Amino acid sequence: MLREKLTTALVVALLASSCTAWTWGNRYDQGPSTPAEETAGWLSTSASAFNTCRIAVDFGLWCHGENRFGEVGDGTGVATDDFVRIGTDTWLDVNTTAASTCGVKTDRTLWCWGVINDGTYPPDPADLVLSPQPRSNTTDWATVGGSQESLCGTKVDGSLWCWGANTTYQLGDGTRDYRPDPVLISDARWISVDSGYRASCGVQNDHTLWCWGVDVSGETGQGPGPEVEYPVPTQVGSSTDWREVSLADSYACATRIDNSLWCWGSLLFTNEIFAEIPTRVGADSAWRTVDTGPSSACGIQQDNSMWCWGKNDRGRVGDGTTDFQPEPVQVGHGRTWIAVSLFWTVDALALDSTTPGAGSASN
């Protein structure tokens, strides 16, 4: 998810020098069914199908994973279970996917690696880039995010730029043309943007919600479909109280200024339409952030408690069971959760010490 993530990182740095990473769930085998503690010293995280990247307290970038397309960025193209530092530069933001990784350095330059030179998938091995390569010659980038084949970034003025595959209008430039380099999509100020497999959604600084692409499962939130095309950003409803949005392959979730949570699209790997327009999840007005994966979702509430829901056969919900959870259930009790990112595996950050009273009583 692309949003103004540095704000969270700075808050974490001020509160507690670093966060500890916790992970649960797995793509192939049964993963941890409850959050498992990893290492400390992190500010932010980005998880994808096969890789995870984190930014450390010194703003160094560390990644690990299968590295099948060079998306770890260590120059080898060889899988690594251990996190390895990517160069010696410092970074403000990172977004990793199953095929590529992009990041913004502290000098506001944009860099990408993995599959970045071809609009087809799977890629030609000759098109793989095994270590960070400049993606733009400007020094005004703020954030980067997106999906496996389509990526977007914002600049310091809030303008939205996208590049990559565009077969379903998911870049939002009005064409289906592959874009090897960032193209300007909108000069409005965007505060949150995310891309799925066929569509993208974003929130502007006036708190309006916009989506574009091809609506197959209700993921654009525009109403009756399917197969309705939206070649450029199109406003969803008329509300002016949206805060952030996260888009998976076939559904999306978003928070509003009143801290309520709303979702729409196909329900987590089923063929049933969950909602064709944004529909409220529960009655709580307590949500701070949310992230979506292909089969589960997680969110953090205002009291810094973690809640997850969805398919759970490989421990992805993290509640100690393998039962499907249609509604959010609390996990990782007793910790002060700061950030969460997920695909098949969940990667989350909590303040280094267990904080009594954070969320509900621990178990």
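1. In this predicted model, Ala339 has Leu349 of strand β28 as its bridge partner. The two strands concerned, β27 and β28, are joined by 5 bridges and run antiparallel, with β28 covering residues 346-351. As background for a first reading, strands of a sheet pair through backbone hydrogen bonds, either parallel or antiparallel.

2. The pairing of β27 with β28 belongs to an open sheet of 7 strands, whose order is β6-β5-β4-β3-β2-β28-β27 and whose pairing is antiparallel. At the edges of this sheet lie β6 (80-85) and β27 (337-342), each of which pairs on one side only. If direction is ignored, neighbouring strands of the sheet are turned by 40° against each other on average.

3. Turning to the whole protein chain, there are 28 strands and 1 helix. Of its 363 residues, 57% count as buried, and the chain exposes about 13700 Å², of which carbon and sulfur atoms supply 51%. Among the contacts between residues at least 6 apart in sequence, 50% join residues that are at least 24 apart.

4. Which residues touch the most other members of the largest nonpolar core? They are Leu61 and Trp163, in a core of 21 residues. At least two residues of this core come from each of β4 (51-56), β5 (61-65), β7 (91-96), β8 (100-105), β9 (110-115), β11 (141-146) and β13 (160-164), and β9 gives the most, with 4 residues. There is also a second, separate core of 15 residues, which includes Ile191, Cys201, Val236 and Trp262.

5. Strand β4 also holds Thr52, and this residue deserves a separate look. Its relative accessible area is 10%, and because buried means under 20%, Thr52 counts as buried. Leaving aside neighbours within four places in sequence, the residues in contact with Thr52 include Thr45, Ser46 and Ala47, as well as Trp62, Cys63 and His64; Phe83, Thr96 and Asp347 are also among them.

6. Most residues other than glycine have a negative phi. Asn67, however, has a positive phi of about 60° although it is not a glycine, and Asn259 likewise has a positive phi, of about 75°. Asn67 lies in the loop between β5 and β6, while Asn259 is found in the loop between β20 (251-256) and β21 (261-266). Are these two residues buried or exposed? Asn67 counts as buried at 0% relative accessibility, and Asn259 counts as buried at 18%.

7. A search of the whole structure finds 11 aromatic pairs. In one of these, the ring centres of Trp91 and Trp113 are 5.7 Å apart and the planes stand at 70°, so the pair is edge-to-face. Because Trp91 lies in strand β7 and Trp113 in strand β9, the pair ties together parts that are 22 residues apart in sequence. Both Trp91 and Trp113 are buried.

8. A further pair is formed by Trp242 and Trp262, whose ring centres are 6.2 Å apart with the planes at 75°, so this pair is edge-to-face. Trp242 lies in strand β19 (residues 242-247) and Trp262 in strand β21, so the pair ties together parts that are 20 residues apart in sequence. Trp242 is buried, as is Trp262, and Trp262 is also one of the residues of the second core. Elsewhere, ring pairs link Trp22, Trp24 and Trp337 into a cluster.

How values were computed. Residues are numbered from 1 along each chain as its sequence is written. This is a predicted model: local features need pLDDT of at least 70, side-chain atom pairs count only at pLDDT 80 or more; totals for chains, interfaces and linings use all residues. Side-chain values use heavy atoms; hydrogens and water are left out. Buried means under 20% relative accessible area, exposed over 50%, partly exposed in between (1.4 Å probe, protein chains only). Contact means heavy atoms within 4.5 Å. Accessible areas come from the Shrake-Rupley method with a 1.4 Å probe; for residues, only the protein chains shown count as cover. A nonpolar core is a set of buried Ala, Val, Leu, Ile, Met, Phe, Trp, Tyr and Cys residues joined through side-chain atoms within 4.5 Å. Two strands pair if DSSP finds at least two bridges between them. Axes are lines fitted to C-alpha atoms, for helices over the stretch in contact, and angles run from 0 to 180 degrees between N-to-C directions. Rings of Phe, Tyr and Trp (its six-membered ring) pair if their centres lie within 6.5 Å; planes under 30 degrees apart count as stacked, over 60 as edge-to-face and the rest as tilted.
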